[in-house]
Amino acid sequence: MVRDAIAQDLPPRLQERQRRFAGNQSEPGDTMEWTRILAGRGWTVPHWPVEYGGCGWSPMQLFVFQDELIRAGAPDSCWGGTHMCGPVIYTFGSEEQKAKFLPAIRNGDYFWAQGFSEPGNGSDLANLRTAAVRNGDVYVVNGQKIWTSCAWASEWGFFLVRTDPTVKPQRGISFLLIDLKSPGITIRRIPQINGEAELCEVFLDNVEVPVGNLVGEEGQGWTYAKFLLDHERTTSSFIYFNKAAVELAKAVAASRTLDGVTLDRHPRFQGRIAQLEAEVTALEWSVLRVLANEHFQYPEAAAASVLKIVGSRLQQALSELHVDLMGAESLRLYPAEVAERPIRSSLWSEESEYLTSRALILRAATIYGGSLQIQKNIIAKIAFDL
Amino acid sequence: MDFNYSDLQRMLLDSAERFIAEHFTLERRRHLRDSGSGLDDTAWNTFAELGWLALAIPDEFGGLGGSPADVSVLAAALGSKCVSQPFVTTAVQGVHFLANAEVPRTELLEQIAGGTARLALVHTEPGERYANAEKRQTQLKPDGQDFRLTGQKFFAPDAALATHFVVSAELPGEGFALVLVEAGADGIDSVNYPLIDGSRASDIAFNGTAVSLDAILAKGPDAAALLVDAQDKAMTARLAQAVGSMEEILRICSSYLKERKQFGQQIGKFQALQHIMADMFVATHQSRSALYQALANSDKDRAARSKALALAGITIGEASQLVSRQGIQLHGGYGVTDEYEISHHYRYLLTLEKIAGDIDHHIRRASGT
């Protein structure tokens, strides 16, 4: 039923753009267009509590729904809204904030940007320096954020800012919602390794933010950020993408020949595909164990780090395999934007337009959201007290 | 064995390192990539003035008679700054074709040395993956005393910047043949496109292009051997470029680990990152050894040389992946921007690994399959 509904609603144009997209997340315009369509069925935030517009589905049902969206080739949702600041707002936000922002997130009115990392503070996030100083009814915010995905296309952002420089770093951080059209905000798109410029720097110069945009209490921002990351324990596995990437590898291998035999029959490629499929399959079961609330011997966060480590490495390994399967064909550079690409000649495969670009930007998968090294430190510390 | 540089190599290296470091800044390379033909005219003239374009040309044709080891010194220096100018295709591979043709092309060799001619190999056909001297679909059809060239070629690196093409084709009665064709000749349709390292490649259709009898560089088994030898020379130079790039990555990353601070200290103080750096050092060191092994075998018979080169290709290809991937990892988010050197080395090394024979190709070649 869900499969039919998605197939019925998903415009072929969006599906094609998603199939050919060159980055690791959909283009913001496509995301918002699809969110507005999906809102018609009330399915944009199925994981939220029913009172805020959720569907009341079980974790397993949600898992299947996400899987179906990816299988159908639908654009991503605006994760910053639906999965990051949305849950923080309905859990810790004021009634005014809930009334203003939750319907907007549900309906796809705004694209949301995440303002956490700073040039000097990436892995060491707790030392962030962007300062918010209370002045009557507003906070005056000064500082700089970096790696803010799609800030150029976003209406709003959720930011971690320092409201108290005198206390322990984690205690002086607050969670602010900022209108990105506010005076004093400058956004610079950062040219990337794959020709996209989705990542941004956000400069805040005496930006006035109404105190009503503070979520929860001053000084509790670090707690909310951790809540937000814990809330999406299984997201970092990118399990749906990894499953799709295995199928894509098989298709790419089957469509190319060497010495008259398709690549999926050549032992080395055959072996790599099977090994990666094995790892993805095990990862899926690691995800299901978390969703089923298995009682772990070790802290649950250690299991979440497993998902992040394996999920990010598999994204890279599968994208490397895609590139290797294409051989020299993988070296052609295409414009990141689908509409700007030249009309394809019959000599070139469609996948050559985007698989290398994705592989290039996926080098960041073991960097963002807590690097591979940070995840290993977490496991050593919380699982084994080392 | 003497692994130290000869006087010629030391001189070459000094001039190369100085010019390349000063000229090929990141800003300049990004500009070259994004505008025009991709050819750096100023640099190409300097290459000619410094004698680099004559380095591999035998003495008897007025060149410097440099050995593959001499070429590799220069290639490594070019690799250290990700230079994607058509040096290997013209001054190494192209020179080999012209100097070892049935009738050596003295005049064109002079033009190459002078910087006015550039050569590209136009060999691969649609659907092929690292083709050897196999039967070509592209045909040389007799037309009186001469021939007409007809066929579709795919992915010819640097062809967009070339003044002449070396084209592989089927010659009736002879089999595999290599012919020299002027890039501007009638009946040629090219589609040029950029590659991820900033260079250009082309798909080229020949629609009855006129080819005179004396444009045939070699035919039959001689042509097949000429192709393999020229490609092997190019491969050797590319491996040296990769080694140069990896050695530069070590320098870039070790500086970054000392400069970047997190958690109140240099990130280079963290053992997890020290071990990554050490792994990169090990792989790079092994790569230079593998290059020397290939160079030491470069004057052996074709089978021994091919095996040696394939083994070096495997070692250096795998090391390139490890070093470039970890190089990005050590840089964090900055590693995936176009504004830091490391992402350019990543794309450069990926291109070197795949442009004319990838790791899989070398494994099959080394194991004789």
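How far apart do the C-alpha centres of domain 2 of chain B and domain 3 of chain B lie? Hi everyone, let's start there. This is a predicted model, and in it those two centres are 31 Å apart. Eight residues of domain 2 of chain B and ten residues of domain 3 of chain B form the contact. On the domain 2 side, six of the residues touching domain 3 of chain B are nonpolar, one is polar and one is charged. For orientation, chain B splits into domain 1 at 7-117, domain 2 at 120-219 and domain 3 at 227-366.

Now for a pair of helices. Helix 4 of chain B, residues 68-80, and helix 7 of chain B, residues 221-259, have axes that come within 7 Å and cross at roughly 45°. That angle is why helix 4 of chain B counts as oblique to helix 7 of chain B. The crossing of the two in chain B is right-handed. Who makes the contact? On helix 4 of chain B, the residues include B:Val71, B:Ala75 and B:Leu78, and on helix 7 of chain B they include B:Thr236, B:Ala240 and B:Glu247. By class, the contact between helix 4 and helix 7 of chain B has ten nonpolar, seven polar and three charged residues.

One last stop, friends: B:Arg364, which sits in helix 11 of chain B, residues 359-366. Is B:Arg364 buried or partly exposed? B:Arg364 is partly exposed, because 17 other C-beta atoms lie within 10 Å, and buried would take 20 or more. Between B:Arg364 and B:Val228 there are 16 Å in space, C-alpha to C-alpha, although they are 136 residues apart in sequence.

How values were computed
Residues numbered from 1 in each chain as written. Chains lettered and ligands numbered in written order. Predicted model: local features only at pLDDT ≥ 70, side-chain atom pairs only at ≥ 80, totals over all residues. Domains from an automatic or database assignment. Contact = placed C-beta atoms within 7 Å. Nonpolar A, V, L, I, M, F, W, Y, C, P; charged D, E, K, R; others polar. Helix = DSSP H or I, 4+ residues; strand = E, 2+ residues; numbered from the N terminus. Buried ≥ 20, exposed ≤ 12 C-beta atoms within 10 Å, placed from the backbone. Axes fitted to C-alpha atoms, helices over the stretch in contact; angles between N-to-C directions. Parallel < 35°, antiparallel > 145°, perpendicular 65-115°, else oblique. Left-handed = near helix turned anticlockwise from the far one by under 90°.
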